[in-house]
Amino acid sequence: MPTNDPNPGGAGADAMPLFSQRLYEALLVSYGKILTKYDAFAQASILRDVGKEIIDYLNRHGFAFTETGEVADLAKLTDLFVRNGFVGKLEVQAAETGSNYIWHDLYGVDAYRELHEISDNPFLACPLNLCLYYLADKHGKSMRLLKKSFDNKNGVVESQYVVVEREPLKPGTVDPLVIENIRLYEIARDRADRLQKALDEIHTLRGILPICASCKKIRDEKGYWQQVEVYIAERTDADFSHGLCPVCMDKYMGALDAMCPACPPSPPKASAVVRPAPTEQK
């Protein structure tokens, strides 16, 4: 068995670390691509929730990050990621607007490059960005991306951010996120109503029904015997109209004739066809 297999699907000693990295990148890309299907307001809600969950998970697994309630928490969280190998080296340079971050050997860089090709939103999948997005929002601020570039040859990612105050809502306006949540709620409620309506229409009888072999009454769950039409009408949307089938009609009319010999005979059924008797062939 080889000890160093460059093939991503290999079984060498380096195969698992390489697979782990590709699996990590695959999750980033798939999550990011799914988020691009949502509008900006729904994205914002999801990004904040995921960022919070990542911080909570790290805290539960020994990578404690204690918030102080200050904007400086963003730098402290970034340092936590850097110290634990999320990036080989990070340079922060003052820029004319905000700061310029130069990331050397960023873990999962191929995934970020692929996501950057389909969306300008830098927070779609990067775990650090998600956490920063959540923290900034808690302080009423937003992180605005001004520039981002990839140097594939040297393995360098450069991004320029600025932390700005979140724009307050104008008097008399409603938070677009609230409007979006209401819209999603209305959609969910409409789907639930349509599902319930469909279930109500599919109100059918199932299982074995205990029915009398003589009178054809059905025994219900409480042990009472009911006419077939009553039992079914109470449990389905079916209605009944009553009549006589041809066999019962013959029996019923025959019984009437027997009871009243002086009465004129019952007329033949309209559907009856009288055929001539076969003639003998000589």
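A residue counts as buried when its relative accessible area is under 20%, as exposed when it is over 50%, and as partly exposed in between, using a 1.4 Å probe and protein chains only. At 55% relative accessibility, L27 counts as exposed. L27 sits in helix α1 (residues 15-35). Helices (H or I, at least four residues) and strands (E, at least two) are DSSP runs, numbered from the N terminus. The C-alpha atoms of L27 and A125 are separated by 8.5 Å, although the two residues are 98 residues apart along the chain.

This is a predicted model, in which local features need pLDDT of at least 70, side-chain atom pairs count only at pLDDT 80 or more, and totals for chains, interfaces and linings use all residues. Residues are numbered from 1 along each chain as its sequence is written, and side-chain values use heavy atoms, with hydrogens and water left out.

Now take the whole protein. There are eight helices and six strands. Along the sequence they follow the pattern α-α-α-β-β-α-α-β-β-α-β-β-α-α. Of the 282 residues, 25% are buried. Contact means heavy atoms within 4.5 Å. Among contacts with a separation of 6 or more, 50% are between residues 24 or more positions apart.

Next comes a pair of helices. Two packed helices are described by the angle between their axes and the distance between the axes. Helix α2 (residues 40-60) and helix α5 (residues 127-138) pack at about 105°, and their axes are 7 Å apart. That makes α2 roughly perpendicular to α5. Here axes are lines fitted to C-alpha atoms, for helices over the stretch in contact, and angles run from 0 to 180 degrees between N-to-C directions. Angles under 35 degrees count as roughly parallel, over 145 as roughly antiparallel, 65 to 115 as roughly perpendicular and the rest as oblique.

Which residues make the contact? From α2 come A44, L47, R48, V50, G51, K52, I54 and I55. From α5 come P127, L130, C131, Y133, Y134, L135 and D137. By class, 11 are nonpolar, one is polar and three are charged. Ala, Val, Leu, Ile, Met, Phe, Trp, Tyr, Cys and Pro count as nonpolar, Asp, Glu, Lys and Arg as charged, and the others, Gly among them, as polar.

I54 and P127 also line the second largest pocket. A pocket is an open set of points on a 1 Å grid over the protein atoms alone, where a 1.4 Å probe fits, with protein on both sides within 12 Å along at least five of seven lines; lining residues have an atom within 4 Å of a point. The volume of this second largest pocket is about 320 Å³. α2 gives the largest share of its lining, three residues. The lining has 10 nonpolar, two polar and no charged residues.

Finally, look at some single residues. D105 lies in strand β2 (residues 99-106). D105 is not a glycine, yet its phi is positive, near 55°. At 57% relative accessibility, D105 counts as exposed.

K216 is another non-glycine with a positive phi, about 70°. K216 is in the loop between α6 (176-201) and β5 (218-219). Leaving out residues up to four places away in sequence, I211 touches K216, K217, I218, W225 and V228.

Terms used: Points joined across faces, edges and corners; volume = space filled by probe spheres on them.
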